[in-house]
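Notebook open, model loaded. I'm jotting down what I look up as I go, starting with the core.

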Amino acid sequence: MIYLDYAATSWPKPKEVGRAMSDFMEFSGGNPGRSGHRLSISAARIVFNTRQAVADLFHAPDPLRVIFTANVTHALNLALCGILKPGDHVVTSSIEHNSVMRPLRALEKDGIRLTVVQCNKDGCLDLDAWRAAVTPGTRLVVVTHASNVMGTVLPIKEIAGIAHQAGALLLVDSAQTAGVIPIDQPTMGIDLLAFTGHKGLYGPTGTGGLVIGEGVDTSQMRPIVRGGTGSRSEYEEQPDLLPDKYESGTVNSVGIAGLGAGVRWVQSIGVESIRAREAELNELFLSGLHNIRGITVYGPQNPEERTAVVSCRIAGHNVSEVGLRLDDEFGILCRVGLHCAPSAHKTIGTFPEGTIRLAPGIFTSPEDIRTVIAAFEKAANPHD
Amino acid sequence: MIKFGVILFHTNTSAMQAEAVLVRANKEIKLIPTPRELSSDCGISLRFDWNLKSEVEAHLVRAKVDFAAIHPMQDNLQTQQ
């Protein structure tokens, strides 16, 4: 079996992740931050260590500004719904996932003004068009770091510069890049960094978060869930303290224990090495697929401008039929269809059918890629 | 005689951060439930050797750890009245 669905979730997980979760259940099962006994403190220590590991990974100076959420979608909703008010202007790209598009479309009905800047057929952003869209009245700019459909990487530093010049905040969706491309939050000018734990950070599902930059005034960012925090318990109003303001209710402590192990594992390999390794796999993939008659590959050709996620189609075959054949006949597991990103598919011209998405990860070998290319040759040209 | 001091925090996360900083600095400390007679935002406090007060405080300030107050204690859990 060849697993090529890392863009949906990474699998397998490093053994350290499962072990950290099992140890947490067995030895540290208290409620973090609620009680003062040893099991509660042990749990709180593990949650803090993960908070610190995440801050270190993204070079964020203050671990208290790392907010844990259920996933990146929750983190994006927290930033968007917490900051935006009716009348605010927001700019986004046309390759966003529905985790950005759906909250924005709902907020649009509540009175925010939304500008979606069209990307080209490879998903690349025209910075002149972007510059024209971001005006001095823009409150927030939100972009994906890399497309979950065709891997296109957006130029975050340039986008940040334009946003800050206009006085806008920058929110980045790093679902496809955390642990895959080095991210230095302060240097890249990212005000709000939403991340998921279960993809490139190799943690369990149900983990993720929002890293809030020093430049964001949290008194102007509402929580989307309110409740018990273990702090200021004498008051019935939500505390303004971080991270508690945005972490009501018991956090997913066992998941966070696993996430911590995942982040440390990724750090032990090094994100730069992971990026280089995935670039090699990507090159093998792209050159192999391009040589097959009848296959169209989407996204930029330059490896600097993309992640290892590859989207393609085989002429004359619908994508779900190919997906089923890859699984049944070749043991190749991938995701076909729209990948929760209809706008991205409209941008590259593959809406409504979608594409076959092949997303390798750290446990994918060059041999796996060669096997997949051979399978595509058979699938595309069975009579050759 | 005052043997221990107790540091109060606004959040549990700050208490954990303080513990990490002081353990790294080889200070003998212990996280304890916040003595109820002390008003505090957070249920967990950090007990330390009162003789090391200025040193402990300096470590926390240097590491930019947010804390609410530092109080002396007469024994392990009772605070000085």
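**Core.** I looked for the largest nonpolar core first, and it has 135 residues. By nonpolar core I mean a set of buried Ala, Val, Leu, Ile, Met, Phe, Trp, Tyr and Cys residues joined through C-beta atoms within 7 Å. Ala79(A), Val141(A), Ile159(A) and Ala194(A) have the most contacts inside this core. Helix H2 (residues 38–57) of chain A gives the most to this core, 9 residues. The core draws at least three residues from each of domain 1 (2–9 + 270–380) and domain 2 (15–269) of chain A.

For "buried" I use 20 or more other C-beta atoms within 10 Å of a residue's own; exposed is 12 or fewer, partly exposed is in between, and C-beta atoms are placed from the backbone. Helices (H or I, at least four residues) and strands (E, at least two) are DSSP runs, numbered from the N terminus.

**Ground rules.** This is a predicted model, and local features need pLDDT of at least 70, side-chain atom pairs count only at pLDDT 80 or more, while totals for chains, interfaces and linings use all residues. Residues are numbered from 1 along each chain as its sequence is written, and chains are lettered from A and ligands numbered from 1 in the order in which they are written.

**Val141(A).** I picked one of the core residues and listed its partners. Leaving out neighbours within four places in sequence, Val141(A) is in contact with Val91(A), Val134(A), Ile159(A), Ala163(A), Ala168(A) and Leu170(A). Contact here is C-beta atoms, placed from the backbone, within 7 Å.

**Two domains.** Chain A is divided into domain 1 (2–9 + 270–380) and domain 2 (15–269); the bounds come from an automatic or database domain assignment. Their C-alpha centres lie 27 Å apart. I find 31 residues of domain 1 of chain A in contact with 31 residues of domain 2 of chain A. On the domain 1 side, helix H9 (271–290), E10, helix H11 (342–348) and E13 of chain A give two or more residues. H9(A) gives the most to that side, with 6 residues. The residues of that side divide into 13 nonpolar, 12 polar and 6 charged.

**H10(A).** Which residues of H10(A) are buried? I get Val319(A), Val322(A) and Leu326(A). They cover an arc of only 60 degrees around the axis, which puts them on the same side of H10(A); the arc is that of the directions from the helix axis to the C-beta atoms. The face turned away from the buried side carries the exposed residues Glu321(A), Leu324(A), Asp328(A) and Glu329(A). The buried residues of H10(A) pack against strand E10 (310–314), strand E11 (332–333), strand E12 (335–337), strand E13 (355–358) and helix H12 (366–380) of chain A. Just after H10(A), Gly331(A) takes a positive phi of about 65 degrees.

**H12(A).** I went on to one of those partners. The buried residues of H12(A) are Ile369(A), Val372(A), Phe376(A), Ala379(A) and Ala380(A). They cover an arc of only 85 degrees around the axis, which puts them on the same side of H12(A).

The peptide bond from Trp11(A) to Pro12(A) is cis, with omega near -5 degrees. Pro12(A) sits in the loop between strand E1 (2–3) and helix H1 (15–27) of chain A. Phe351(A) and Pro352(A) are also joined by a cis peptide bond, omega about 5 degrees, and Pro352(A) is in the loop between H11 and E13 of chain A. Cys340(A) is not a glycine but has a positive phi of about 60 degrees. I place Cys340(A) in the loop between E12 and H11 of chain A. It is partly exposed, with 16 other C-beta atoms within 10 Å.

**Chain B.** I count 2 helices and 4 strands in chain B, in the order β-α-β-β-α-β from the N terminus. Buried residues make up 38% of its 81 residues. As for the partner, 16 residues of chain B are in contact with 18 residues of chain A. H1(B) gives the most to the side of chain B that touches chain A, with 6 residues. The residues of that side divide into 7 nonpolar, 8 polar and 1 charged.

Key: Contact = placed C-beta atoms within 7 Å. Nonpolar A, V, L, I, M, F, W, Y, C, P; charged D, E, K, R; others polar.
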